[in-house]
Amino acid sequence: MEISTLDWINATCSIISLLVAIGALYFAFSQIKQMNSQLKNMNNTFKNSTLMTVLELENELIRRKVNWDDANFQIREYQISLEKKEKPNKEIIELLQDKLGTSFENYLNALDRFCYCVLHNYISDRDWKTEYREVVFDIVNNNPEEFNVNTRFRNTIKTFQKWKDE
């Protein structure tokens, strides 16, 4: 049995094709590995970005709560000074009431924004429910006039209902 030139050419072409296929497979594997690494980096970046957003949101919520508390304290301080026989000043009372109303509304807006993020899965309901469930329950239960049928704080009400049912 003699091997013809044509057989040698076919064998050589097959070997070259095999080497090209192995090279292409290696190239594809290295590209997939590189893409996988990039996806992991993107995932870490996304997690960090989400965490920063949540921390900013939480910080804003806390800042607004502090402003609301500060307005409450100022009213209490003024009431104490009135008990010491100081005459009530109508302008100061109006100013303190305006400050209290504005700070309370700002706090409710921040809480509603937080609840929006929970409802639309921008932040994990499971992770934040334990920390903010009582906050949402207290604010809704203690301020029914703010959370009636015509409320602007619909996300807070929806979160309240969702967490109440769970």
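This report walks through helix packing, the nonpolar core and a few individual residues.

## About the model

The model is predicted, so local features need pLDDT of at least 70 and side-chain atom pairs count only at pLDDT 80 or more, while totals for chains, interfaces and linings use all residues. Residues are numbered from 1 along each chain as its sequence is written, and side-chain values use heavy atoms, with hydrogens and water left out.

Let's start with the helices, which, like strands, are DSSP runs numbered from the N terminus (H or I, at least four residues, for helices; E, at least two, for strands). Two packed helices are described by the angle between their axes and the distance between the axes. Here, axes are lines fitted to C-alpha atoms, for helices over the stretch in contact, and angles run from 0 to 180 degrees between N-to-C directions.

Helix α1 spans residues 5–83 and helix α2 residues 90–119; their axes come within 9 Å and cross at roughly 160°. The two are therefore roughly antiparallel (angles under 35 degrees count as roughly parallel, over 145 as roughly antiparallel, 65 to 115 as roughly perpendicular and the rest as oblique). Their crossing is left-handed, a term for a near helix turned anticlockwise from the far one by less than a right angle, with clockwise giving right-handed. The contact of α1 with α2 involves 16 nonpolar, six polar and five charged residues. In this grouping, Ala, Val, Leu, Ile, Met, Phe, Trp, Tyr, Cys and Pro are nonpolar, Asp, Glu, Lys and Arg are charged, and the others, Gly among them, are polar.

## How α2 meets α4

The axes of α2 and α4 lie 7 Å apart, at an angle of about 55°. That makes α2 oblique to α4, and the crossing of this pair is left-handed. Residues of α2 in contact (heavy atoms within 4.5 Å) with α4 include Leu-111, Cys-115 and Leu-119, and the α4 side includes Arg-154, Lys-158 and Trp-163. By class, the contact of α2 with α4 has six nonpolar, three polar and four charged residues.

## The nonpolar core

In soluble globular proteins, nonpolar side chains tend to be buried together. A nonpolar core here is a set of buried Ala, Val, Leu, Ile, Met, Phe, Trp, Tyr and Cys residues joined through side-chain atoms within 4.5 Å. The largest one has 24 residues, and those with the most contacts inside it are Leu-61, Leu-111, Phe-114, Ile-123, Val-136 and Ile-139. Each of α1, α2, α3 and α4 supplies at least two residues of this core, with the largest share, nine residues, coming from α2.

## Residues worth a look

Asn-121, in the loop between α2 and α3, is exposed at 61% relative accessible area (buried means under 20%, exposed over 50%, partly exposed in between, with a 1.4 Å probe and protein chains only). Its phi is near 60°, a positive value in a residue other than glycine. Asn-143, in the loop between α3 (125–142) and α4 (154–165), is buried at 11%. Leaving aside neighbours within four places in sequence, Asn-143 contacts Phe-104 and Asp-138.

On the helices, Lys-40 of α1 is exposed at 52%. Lys-40 and Lys-65 are 25 residues apart in sequence and 37 Å apart in space, C-alpha to C-alpha. Glu-134 of α3 is partly exposed at 49%; 29 residues along the chain from Trp-163, its C-alpha is separated from that of Trp-163 by 9.9 Å.
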